[in-house]
Amino acid sequence: MIEPKILKGFRDYLPETMIPKKNIMRKLESTFESFGFSPIDTPALEYTEILLGKGSGETDKQIYRFKDHGDRDVSLRFDLTVPLARFVSLHYNELVFPFKRYHIAPVWRGENTQKGRYREFFQCDFDILGSNALTADYEILLLIMAGFESIECENFLININHRKLLNGIIDHFGLLDKSQNILQAIDKIYKIGKDEVVKILMEEEKIDAAGIHGILKTLRLDGDFSKEGIKGDEIFTVLHSIKDIISDEYTVYADELLTIFQYLQDAGNLHKFAYNPAITRGLDYYTGIVFESFITDRMNFGSVCSGGRYDNLTGLYSKNPVAGVGASFGLDRLLALLEDKEQIGKKQTVSELIIFNMNNDFIPLYYKLADQFKNAGIKTEVILDKQKINNQFKYAERKGVTWVVIAADEEFKANTFNLKNIIDGTETKALTVEEIIHTIKG
RNA sequence: GUGGAUGUAGUUCAGUGGUAGAGCGCCAGAUUGUGAUUCUGGUUGUCGUGGGUUCAAACCCCAUCAUUCACCCCA
C-alpha cells in the first residue's frame, strides 16, 4: 500500500474548512464586482525568467523551479502581482485602462511553515492599473474596508504609510543613501523595540545617533508609541509637522496622505484607518502609498491584507509603463484567524434539509418532493438507502443539518409532511410544502 | 535556510527499559415511524517512519518525515 501522505506546507481541505473558505471567496468576489472589478486568471506555471525578473534574493530562494518535459526552465508563481505585470504587458492593447481586476488563486513559496503560513496558499489580489489618480489609492482602501465588512470580520485596522514621504524625512537628515537599511530596521520596531533599532543602525550601518533620533522623533517613534499607529485628529497634526520640515520636492507626498485621510474623515471612516510610520513593506516594487491591515485583537498574527502603489509595474516586460495601486487579502491566513476565533462552524455539508428514506419504494416521490424545496432555494438531500431511523438522525446530526422531513404512505396520500428540527427536537406534523419552506426560511 | 518543542486508538491525553492504558467518540442490543438521556456488551494501535544499542525499546542513541514556536521573510 502507498502511504496517503501529503507534502509539508500543503493541505487538504475537508468540507468543514472548504465551506467557510468558499463562503469568504464568494463574499469577497461579490464585493470586488460591486466596485466594478473584473476577474482574470493566469497560469500557475510561468517561464522562470518572467517570475525572477524583479525578484530579490529572497524570492529566488523560495521559488519552486524546475525543468519541464521540453527542458524549459519554469517556475510556479509565488505571487499574483508579477504574473499581472506580464499579463498587462502582453495584452496591453486589448485592455481598457484604468484596468480594474481581481484575481483569487493559489501561489507557492518553498519556505518554512508556521500557523497561517503555508507553501501553497490563496491570495486575493485586486488592483487598479493605469491610473495615477489619488482616487485610485482611495478606492483600493475603500475596497479593503468593504472586503473586511463583507466577511463579517470586525476589529480590523488599516495602517497607511507613504514610502516617498519616508524618504523625504530620511533625506532631511541627510541619510538618503542609507534609506533601504533604515526602512528595513524601522519596519521591525514593534517587534524588537526602539533601542534595538537604534543599536542596529548605529553599530551595523554606522549611522550617527543624531540622524537616527531625528528620524524616529519626526515619525513619533521615539517615546511611547502604539503598534496600532497614529489615529484620529492626531494624524493631521503629525503629517503637517512632517510637511513643515521636509524639503519642497517631498511635500506633495505629505499632501497625498493628508488628502486620503481627509477623504476618509469626511466619509466617516477614519476610525478604521491609522497613519503608521513604521509600516514600510519589504517588497521593493512599491513606490508610493503602502498599507497593511491587522486584526486589532490579534496584532501579533501579522498582516491579513496589504499592498500599495507602484510606479512602473510593467517596466521589465514592456515599453508601455503602467502605474497602479492594489492590495491582497491572505485568504488562508484569514481563514486560520477565523478558525482560531471560532467564528466558523463545523458543518460537513451545505445541505439545509434532509429527507429521510422510510422505504425505497418512495424514492421517486422523495426526489420530487426535494425538487420543490430546491426550487425554493433550500439545499436538500435525500437519504440514499432505507436504513434504521436512528442512523438517519445520526447522519443528519453529524453533518450539522438542522431540518429533516419524514414522509411515507400517509403523508404522500395527504400531501402533508412532518418536519423536525433536530437541534431543539421539536416536530411539527402535517405541514404542506409551502408551510415547511416558510418555517425553514424563518 | 537557522534554532527549540512535539509526534501513543477516530479524538484528547497518560504511560522514564520488562504483557500498550483512560476519558470522550464509535459499533451492537434494550427501541423495526422519531435519535441526541440511561443501561448492557463490544471495538479501535505498523506507539510518525527507518536504522542502532539491549536478553528486552513507546521509553536510550542516530537519521528521516510531519506539526508547532522563534528568527529570516512574508499573505
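Predicted model: local features only at pLDDT ≥ 70, side-chain atom pairs only at ≥ 80, totals over all residues.
Biologist: Where is P15 placed?

Modeller: P15 belongs to helix α1, residues 15–34. P15 and L175 are 160 residues apart along the chain, and 54 Å lie between their C-alpha atoms.

Biologist: Why is P15 called partly exposed?

Modeller: P15 has 15 other C-beta atoms within 10 Å. Buried needs 20 or more, and exposed needs 12 or fewer. The count of 15 falls in between, so P15 is partly exposed.

Biologist: Why does E152 count as exposed?

Modeller: E152 has 10 other C-beta atoms within 10 Å. The limit for exposed is 12 or fewer, so E152 qualifies. E152 sits in the loop between α5 (134–150) and β7 (156–162).

Biologist: Why is N415 counted as exposed?

Modeller: N415 has 11 C-beta neighbours inside 10 Å. With the limit at 12 or fewer, N415 is therefore exposed. The loop between α16 (409–414) and β15 (417–421) holds N415. Phi of N415 is near 60°, again positive in a residue other than glycine.

Biologist: How do you know that the peptide bond joining F97 and P98 is cis?

Modeller: Omega of that bond between F97 and P98 is about -5°. P98 lies in the loop between α4 (81–90) and β5 (99–108).

Biologist: What makes β5 mostly covered?

Modeller: Seven of the 10 residues in β5 are buried.

Biologist: How many bridges join β5 to strand β6?

Modeller: There are 10 bridges between β5 and β6 (residues 120–129). At least two are needed, so β5 and β6 count as paired. These two strands run antiparallel. W108 has E120 as its bridge partner in β6.

Biologist: What is the order of the three strands in the open sheet?

Modeller: The order is β2-β4-β3, with antiparallel pairing.

Biologist: Why do β2 and β3 stand at the edges?

Modeller: β2 (45–47) and β3 (65–67) each have a single partner strand, so one side of each lacks a neighbour in the sheet. From one strand to the next, the twist averages 40°.

Biologist: How do you know that β3 is joined to strand β4?

Modeller: Three bridges link β3 and β4 (residues 73–76). At least two are required, so they pair. F66 is opposite V74 in β4.

Biologist: Which residues of helix α7 are buried?

Modeller: In α7 (residues 179–186) they are I182, A185 and I186.

Biologist: What puts them on the same side of α7?

Modeller: They cover an arc of only 95° around the axis, which puts them on the same side of α7. The general rule is 3.6 residues a turn in an α-helix, so residues three or four places apart point the same way. The buried residues of α7 pack against α6 (163–172), α8 (189–192), α9 (194–203) and α10 (209–218).

Biologist: Which domains is chain A divided into?

Modeller: Chain A has domain 1 (15–340) and domain 2 (353–440). Their centres, taken over C-alpha atoms, are 50 Å apart. The C-alpha trace of chain A spans about 90 × 60 × 45 Å along its principal axes.

Biologist: How many helices and strands are in chain A?

Modeller: Chain A contains 17 helices and 16 strands. Of its 442 residues, 34% are buried.

Biologist: What is the mean pLDDT of chain A?

Modeller: The mean is 88, and 95% of the residues reach 70 or more. For the model, ipTM is 0.82 and pTM is 0.87.

Methods:
Residues numbered from 1 in each chain as written. Chains lettered and ligands numbered in written order. Helix = DSSP H or I, 4+ residues; strand = E, 2+ residues; numbered from the N terminus. Axes fitted to C-alpha atoms, helices over the stretch in contact; angles between N-to-C directions. pLDDT = per-residue confidence, 0-100. Domains from an automatic or database assignment. Arc of directions from axis to C-beta. Contact = placed C-beta atoms within 7 Å.
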